[in-house]
Amino acid sequence: MPQPLPISDQARRAAGQAIGFLMQQAVENADCLSLAAGLVDEQSLPAELAHRTLADLLQDPRKGRQRLQYGTTQGPEPLRRIFRSYLAELEQVDDQLKSLPLSRIILTTGSQQLLTLIVRALFNPGDICLVAAPTYFVFLGVLQAAAARIIPVQSDDQGMQPEALQLALRQLHDSGDLHRVRLVYVVSDFENPSGVSVAPERRPQLLETVQQYSAISRILLLEDAAYRELHFDIPARRSIWSLDQNGHQNVILAQTFSKSFSPGVRVGLGVLPEDLIQPVTDLKGNDDFGSPHLNQHLIARTLQDGTYQQHVAQVRQSYQSKRDAMLAAIDREFADLPQVSWFRPHGGMYVWMKLPAHISTGFDSELFRRATQVEKVMYVPGELCYPPDWEAAPGCEMRLSYGVLSEQQLDEGICRLARAVRSLLLP
Ligand SMILES: Cc1ncc(COP(=O)(O)O)c(C=O)c1O
């Protein structure tokens, strides 16, 4: 037997993460209908558009070879210019955001890489991140690997509560810990997992609170806008980042084309405060000195010729129909069950369901066993979406995704889930 391998503290802290468990459960329960998988809708992936655009990008051999070469760590400047115009479209401003220096934009391998790089650039063990409760569990894993202290902030159906953020920061100030706060992490649109968006009137309030305490000790708001383009029955909203008029020094904007175009292409986009861009670029240089160049060209070309925008319009329609199918099935199957509630999202990919407090939804729970072993349906236990050592975390919630399954399968999946819940609630 070889001697035990001396694994680093960082790798040890990365062990046992929610995403790892979830992937393992997906493999072990491969015969289940998955309301758990956060994958995007397969049918709406733009195979034909990508094929056509790539053929075009590679047609001229000289240009083709350039595009098949490494790019640059931050992403080539002409491409960042195109991405800046796209941001201007999203923010509904007509000056193409020319006042935003291209040097503040970085292209990454999905937004996940950006989130990881930001944490690595800012956090030493024990530094603090405030997060909405519940929030995106993969980011919680990144924070754990960095040995960050994670503080949950009360959220409701309008997103993170500004008063709760104010209270948390005041308490940290009073206890002398404000200087350890690095980030306030907010998924502003159709949050994974809750489907909730931060209400327009709360956006400036959250920003002002961060700015107020940042004047004492610098704090950044990390706005993860992964789902912002998947809006169905409400209009697109301007980001919190766009409200940060003071040279965008307090907000980081993280965007991705994974949900709106393709996660296989994995192009992410960040806009960073001036003094953060270099540390993040330096770290990325060590990691990969640039994300896949051809993929960046692919997205940029579709943005320029308008085919991206047409595609996103179709994607919205397809998710909207699937959301409607899931909500119709839930309304039908769960309406008569006492103390069961669910949030009706206006976009994104998830429905968040709350069961009575005594029904545990965790991987070890009887409900999870009955759902996966008897009814053959899988969901994401809500407890994964709270900081792991938070004792007040509810254990009775579920994330239900309408991303992967067809409308018919969603209906069937909800029927199965309802049978599993009923068998515990009304035995
Ligand atoms: C809220 C949120 N942020 C970021 C990501 C990362 O996605 P990607 O790295 O593909 O851009 C995801 C993926 O599911 C997500 O749900």
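1. Gln 113 is buried, because its relative accessible area is 13% and buried means under 20%. The model discussed in this note is a predicted one. Gln 113 belongs to helix H6. Leaving aside neighbours within four places in sequence, the residues in contact with Gln 113 are Thr 108, Lys 284, Asp 287, Asp 288 and Ser 291.

2. Two of the polar contacts of Gln 113 can be checked by eye. The side chain of Gln 113 meets that of Lys 284 in a polar contact of 3.0 Å. A polar contact, also of 3.0 Å, links the side chain of Gln 113 with the side chain of Asp 288. Sequence and space can also be compared here: Gln 113 and Arg 266 are 153 residues apart in sequence, and their C-alpha atoms are 9.8 Å apart in space.

3. The next point is the sheet beside H6. The order of the 8 strands in this open sheet is E2-E9-E8-E7-E6-E3-E4-E5, and the pairing is mixed. At its edges are strand E2 (105–109) and strand E5 (159–160), each of which pairs on one side only. Helix H6 (residues 110–122) packs on the sheet and touches E2, strand E6 (181–187), strand E7 (220–224), E8 and E9. The direction of H6 makes about 115 degrees with that of E2. Helix H7 (residues 137–145) packs on the sheet too, touching strand E3 (128–133), strand E4 (149–156), E6 and E7. The direction of H7 makes about 160 degrees with that of E3.

4. How do H6 and H7 lie relative to each other? Their axes come within 10 Å and cross at roughly 30 degrees. H6 and H7 are therefore roughly parallel to each other, since angles under 35 degrees count as roughly parallel. The crossing of these two helices is right-handed. From H6, the contact involves Gln 112, Leu 115, Thr 116 and Val 119; from H7, it involves Val 138, Phe 139, Val 142 and Leu 143.

5. Within the sheet, E3 is mostly covered, with 6 of its 6 residues buried. E3 and E4 run parallel and are joined by 6 bridges. Opposite Cys 129 stands Ile 150 in E4. Elsewhere in the sheet, E8 pairs with strand E9 (residues 267–271) in the antiparallel sense, over 4 bridges. Val 271 in E9 is the residue that Leu 253 stands opposite.

6. Strand E8 (residues 251–256) also holds Gln 255. Is Gln 255 buried or exposed? Gln 255 is buried, because its relative accessible area is 1%. The side chains of Gln 255 and Arg 228 make a polar contact of 2.8 Å. Not counting residues up to four places away in sequence, Gln 255 touches Tyr 86, Leu 87, Leu 90, Ser 111, Ala 225, Arg 228, Gly 268 and Leu 269.

7. Two cis peptide bonds deserve a check. One joins Ala 133 and Pro 134, with omega about 5 degrees; Pro 134 is placed in the loop between E3 and H7. Another runs from Asn 192 to Pro 193, with omega near 25 degrees. Pro 193 is in the loop between E6 and helix H9 (202–214).

8. Two residues have a positive phi. Ala 147 is not a glycine, yet has a positive phi of about 55 degrees. Ala 147 sits in the loop between H7 and E4 and is partly exposed, with a relative accessible area of 23%. Phe 289, not a glycine either, has a positive phi of about 40 degrees. Phe 289 is in the loop between helix H11 (274–287) and helix H12 (293–305). With a relative accessible area of 43%, Phe 289 is partly exposed.

9. An open sheet of 4 strands has the order E10-E11-E14-E13, and its pairing is antiparallel. Strand E10 (341–342) and strand E13 (380–381) are at the edges with a single partner strand each, so one side of each has no neighbour in the sheet. E13 pairs with strand E14 (residues 397–401) over 2 bridges. Val 380 stands opposite Arg 399 in E14.

10. The last point is another pair of helices. The axes of helix H14 (residues 366–375) and helix H15 (residues 407–425) come within 9 Å and cross at roughly 135 degrees. That angle makes H14 oblique to H15. H14 passes H15 in a right-handed crossing. Among the residues that meet are Leu 367 and Arg 370 in H14, and Ala 420 and Leu 424 in H15.

Note on methods: Residues are numbered from 1 along each chain as its sequence is written. This is a predicted model: local features need pLDDT of at least 70, side-chain atom pairs count only at pLDDT 80 or more; totals for chains, interfaces and linings use all residues. Side-chain values use heavy atoms; hydrogens and water are left out. Buried means under 20% relative accessible area, exposed over 50%, partly exposed in between (1.4 Å probe, protein chains only). A polar contact is a pair of N or O atoms within 3.5 Å; within protein, one must be able to donate a hydrogen and the other to accept it, and residues adjacent in sequence count only if both atoms are side-chain atoms. Contact means heavy atoms within 4.5 Å. Two strands pair if DSSP finds at least two bridges between them. Axes are lines fitted to C-alpha atoms, for helices over the stretch in contact, and angles run from 0 to 180 degrees between N-to-C directions. Angles under 35 degrees count as roughly parallel, over 145 as roughly antiparallel, 65 to 115 as roughly perpendicular and the rest as oblique. A crossing is left-handed if the near helix is turned anticlockwise from the far one by less than a right angle, and right-handed if clockwise.
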